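Reader: Hi! I'm new to this one, could you walk me through it?
Author: Happy to, let's bring it up.

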Amino acid sequence: MPSLSFLLAYLAFGAVAGIIAGLLGVGGGIVVVPALFWFFTAQGFSQELIMQMALGTSLAAIMFTSISSLRAHHRRGAVVWPIVKAITPGILVGTFLGSCVAAKLSTGFLKGFFVAFLYYVSIQMLLNIKPKAHRQIPGKFGMFGAGLAIGAVSSLVGIGGGTMSVPFMVWCNVAMHTAVGTSAAIGFPIALAGTIGYIINGLGAPNLPSLSFGYIYLPALFGVAAVSVLTAPYGAKLAHKLPVATLKRFFAVFLLAMATRMLWSMF
């Protein structure tokens with residue numbers, strides 16, 4: 001059983017993750033994964049499993065956060081459900097397959113991939129890079145392919161996919177406000193398929209800590225999820241009141257610092 005200090009830390013990062021998920025549409029996992037990596041390292045988990053545990057637990061927590069966030073956005077009419085329906089099959093397949101691949105990769109590779117992804121997201125936010133709307137939402141096969149790619153990458157970095165699904169929808173002439181809300185709904189099938197994949201691939205893995213279910217560490221899951229479901233609606237509400245562009249720049253600097261710290265720890 002983790003100490004009280006770690007349980008409180010899970011609760012604190014759950015609160016942050018929920019607000020970020022609702023406010024910026026980037027998925028709370030982008031904060032939760034590095035936090036869990038450091039917590040699990042401090043708790044003495046096997047180095048060979050730490051990234052799989054962090055990714056799997058993050059996706060499991062996003063299942064709860066995304067429900068809370070999507071409900072808040074749905075009440076504001078910001079979720080385009082036909083897009084969610086069209087992209088979900090590809091999302092489910094891509095995320096599950098991605099989790100199966102991640103289970104066989106080394107912690108070092110997964111950590112390096114996550115650091116590279118953090119740099120990509122932070123630079124994109126800092127420079128406010130947005131794709132120009134060049135086309136409309138593609139047909140069935142195009143949406144399946146987009147979902148496959150978004151799901152696969154999301155499972156490798158333990159996020160709800162907003163950093164990819166939002167630019168994709170904006171590129172397809174979906175308004176930014178609606179893209180963020182729809183991304184919150186897309187996060188649920190990503191989290192569901194990823195969680196199932198990390199559970200199945202982690203069952204029976206050697207050196208798992210106690211209170212684990214596959215690659216899901218239950219105390220961290222309950223700590224993060226319990227608070228994130230409460231704070232996600234507030235994040236969605238703030239998205240309609242605060243200067244999100246300015247907040248994204250501050251958040252980008254924070255991500256750059258996190259990525260640099262993780263990169264430094266690799267040497």
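Reader: How many residues does helix α5 have?
Author: Helix α5 covers residues 107-126, which is 20 residues. From first C-alpha to last, α5 reaches 28 Å, close to the 28 Å expected at 1.5 Å a residue (1.5 Å times one less than the number of residues). Helices here are DSSP runs of H or I with at least four residues, and strands are runs of E with at least two, numbered from the N terminus.

Reader: Before I go on, what kind of model is this?
Author: This is a predicted model: local features need pLDDT of at least 70, side-chain atom pairs count only at pLDDT 80 or more, and totals for chains, interfaces and linings use all residues. Residues are numbered from 1 along each chain as its sequence is written, and side-chain values use heavy atoms, leaving out hydrogens and water.

Reader: Thanks! New topic: how many aromatic pairs are there?
Author: A search of the whole structure finds 10; rings of Phe, Tyr and Trp (its six-membered ring) pair if their centres lie within 6.5 Å, with planes under 30 degrees apart stacked, over 60 edge-to-face and the rest tilted. F13 and F39 are edge-to-face because their ring centres are 5.5 Å apart and their planes are at 75 degrees.

Reader: Where do F13 and F39 sit?
Author: F13 is in helix α1 (residues 4-24) and F39 in helix α2 (residues 29-42), 26 residues apart.

Reader: Is F39 buried or exposed?
Author: F39 is buried, at 14% relative accessibility, while F13 is partly exposed at 28%. Buried means under 20% relative accessible area, exposed over 50%, and partly exposed in between (1.4 Å probe, protein chains only).
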